[in-house]
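This report looks at one protein model, part by part. Please view the sequence and the structure before reading on.

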Amino acid sequence: MPPVIDESKCVKCGLCAQICCMDVIKKTETEPAEIVVRYPNECWHCRACAIDCPTQAITIRYPLSHMMLHVDVPNVNGGKQE
């Protein structure tokens, strides 16, 4: 699943395109510049683009298989170390 760019927050700085190691995001050369997700299926979900975005305009949608890997386990000891 691709990164999602919120157009209302994006200032089109292109930092996300520079930092993406898989070249998934691109800043177009046209005027006005646009930020586009070129290869949505190639995203490794590393979150580098979302972490470095100065306006928090990028969110990452994780595939179901990735979401199932995270499980909150309750503390069975009531918070006490044994």
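## A histidine in a loop

H45 lies in the loop that runs between strand 3 (35-37) and helix 2. The model is a predicted one. Because its relative accessibility is 13%, H45 counts as buried, the cut-off for buried being under 20%.

Setting aside residues up to four places away in sequence, H45 touches M1, I60, R61, Y62, P63 and H66.

## The largest nonpolar core

The largest nonpolar core has 15 residues, and I5, C16, I25, I35, C49 and I58 are the ones that touch the most other members. Helix 1 (15-19), helix 2 (48-52) and strand 4 (58-60) are the elements that give two or more residues to this core.

With its neighbours within four places in sequence left out, I5 is in contact with C10, I25, I35, V37, A57 and I58.

## Cysteines without disulfides

Zero disulfides are found when the whole structure is searched. For C13, the nearest cysteine sulfur belongs to C53 and is 6.2 Å away, so C13 is in no disulfide, as a disulfide needs two cysteine sulfur atoms within 2.5 Å. C13 has a relative accessibility of 40% and therefore counts as partly exposed.

C49 is in no disulfide either, and its nearest cysteine sulfur, that of C43, is 6.3 Å away. With a relative accessible area of 8%, C49 is buried. C49 is also among the core residues that touch the most other members.

Terms used:
Residues numbered from 1 in each chain as written. Predicted model: local features only at pLDDT ≥ 70, side-chain atom pairs only at ≥ 80, totals over all residues. Heavy atoms only, no water. Core = buried A, V, L, I, M, F, W, Y, C linked by side-chain atoms within 4.5 Å. Buried < 20%, exposed > 50% of the residue type's maximum accessible area, 1.4 Å probe, protein only. Helix = DSSP H or I, 4+ residues; strand = E, 2+ residues; numbered from the N terminus. Contact = heavy atoms within 4.5 Å.
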